[in-house]
Amino acid sequence: MFISRPFFRAMFKEQRGNLLKISGAFVLYETLLSWVYPAIAKTPAVGEIVDTIPAAVKTVFGVSPHARTDSFEAFFSSQFLARIWTLIMAAYGIMTANALVAQLVEDGSLALPLSAPLSRSKLIITQAALLFVNNAILIGVTLGGVFLGTSLFRISINKVSYLKLSLLSLSFFTAIGSYAFLFAASGSKEKSLAYAYGLTALFYGLDVVAGLWDKLNWAGTLSLFHLLKPQDVLEGTVNPAGPIKGLTTSAAVLLGVAIRIFEKRDLPL
């Protein structure tokens, strides 16, 4: 086995509380959006107001300048998926990766599992698997919340598109979690958090800047966030297959580097 099942179960129990809180918040907010959308869709004035919003402002909220504004996907993406959900999930991945490695190193909690014996590589792989499962659970809950809300309020959606977005999202947040693991495996708790948050903020800033100024469109290609455009995927204007492959490969490489660094690191155990 590549992972330690007892260690996985023990760490999952510690993370379970955070999962429940975030999952509950996601479902409640999604249900609220699904509840108010029918009323908004019946008000033409709302659509006219949205159409008058400058493209730069739409970009800040993660909406493509020329994207539709008259669909549930447009509403749901701008109000939740494109920025709020994406940033919460990214922050969760960074904090969890840090808590699963750097924090355990600093407080000496790894002394016991490593003396079990549990190899360092198996420990990192187990923790990475835990973060992957946690992300999958949160994405699954998000998907379930959409299906529940739209079913309750009779909103027509293309469920296949949401499934595609879920797969892209899983690979996207796995990539972020992988570089967070890399920083956590090589440095202190404070430094690894600073590096992971700093890199994520840089990616986010490049994505926003690329959308605000045409002359800086090239900056968007340097950002991970240009690979995750929820509304475009939901409306079928983007094929997520390529980004999924690229993000998955990048995550595997980053995790491999993290394992090598952690194996050679002098731990204060």
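Biologist: What does the secondary structure of the protein chain come to?
Modeller: The protein chain has 11 helices and 0 strands. Keep in mind that this is a predicted model. Read from the N terminus, the elements go α-α-α-α-α-α-α-α-α-α-α.

Biologist: How many of the residues count as buried?
Modeller: The protein chain has 269 residues, and 43% of them count as buried.

Biologist: And what is the accessible surface of the protein chain?
Modeller: About 13400 Å², with 66% of that belonging to carbon and sulfur atoms.

Biologist: What share of the contacts is between residues 24 or more positions apart?
Modeller: Among contacts with a separation of 6 or more, such pairs account for 80%.

Biologist: Salt bridges next. How many does the structure hold?
Modeller: There are 2 salt bridges in the structure. One of them pairs Arg83 with Asp207, with the closest N and O atoms 3.3 Å apart. That pair links distant parts of the chain, since Arg83 is in helix α4 (residues 72-100) and Asp207 is in helix α9 (residues 189-212), 124 residues apart.

Biologist: Are Arg83 and Asp207 buried or exposed?
Modeller: Arg83 and Asp207 are both buried.

Biologist: Which side chain does Lys229 meet in a salt bridge?
Modeller: Lys229 meets Asp207, at 3.0 Å from N to O. This pair also links distant parts of the chain: Asp207 sits in helix α9, while Lys229 is in the loop between α9 and α10 (230-234), 22 residues apart.

Biologist: Change of topic. Which residues form the positive surface patch?
Modeller: Arg5, Arg9, Lys13 and Arg16 form it. Arg16 lies in helix α1, which covers residues 5-41. Because its relative accessibility is 42%, Arg16 counts as partly exposed.

Biologist: Why is Ser34 called buried?
Modeller: Because the relative accessible area of Ser34 is 0%.

Biologist: Which residues make the nonpolar surface patch?
Modeller: Phe132, Val133 and Ile137 make a nonpolar patch of about 210 Å². Ile137 is located in helix α7. With a relative accessible area of 31%, Ile137 is partly exposed.

Biologist: One more. What is phi of Arg154?
Modeller: Phi of Arg154 is near 55°, a positive value, and the residue is not a glycine.

Biologist: Where does Arg154 lie?
Modeller: Arg154 lies in the loop between α7 (120-152) and α8 (159-186).

Biologist: And why does Arg154 count as exposed?
Modeller: Because Arg154 has a relative accessibility of 81%, and over 50% counts as exposed.

Notes
Residues are numbered from 1 along each chain as its sequence is written. This is a predicted model: local features need pLDDT of at least 70, side-chain atom pairs count only at pLDDT 80 or more; totals for chains, interfaces and linings use all residues. Side-chain values use heavy atoms; hydrogens and water are left out. Patches are made of residues with over 30% relative accessible area and no salt bridge: like charges are joined within 9 Å, nonpolar side chains (Val, Leu, Ile, Met, Phe, Trp, Tyr) within 5 Å. Accessible areas come from the Shrake-Rupley method with a 1.4 Å probe; for residues, only the protein chains shown count as cover. A salt bridge is a side-chain nitrogen of Lys or Arg within 4 Å of a carboxyl oxygen of Asp or Glu. Lys and Arg count as positive and Asp and Glu as negative; His and the chain ends are not counted. The place of a charge is taken as NZ of Lys, CZ of Arg, CG of Asp or CD of Glu. Helices (H or I, at least four residues) and strands (E, at least two) are DSSP runs, numbered from the N terminus. Buried means under 20% relative accessible area, exposed over 50%, partly exposed in between (1.4 Å probe, protein chains only). Contact means heavy atoms within 4.5 Å.
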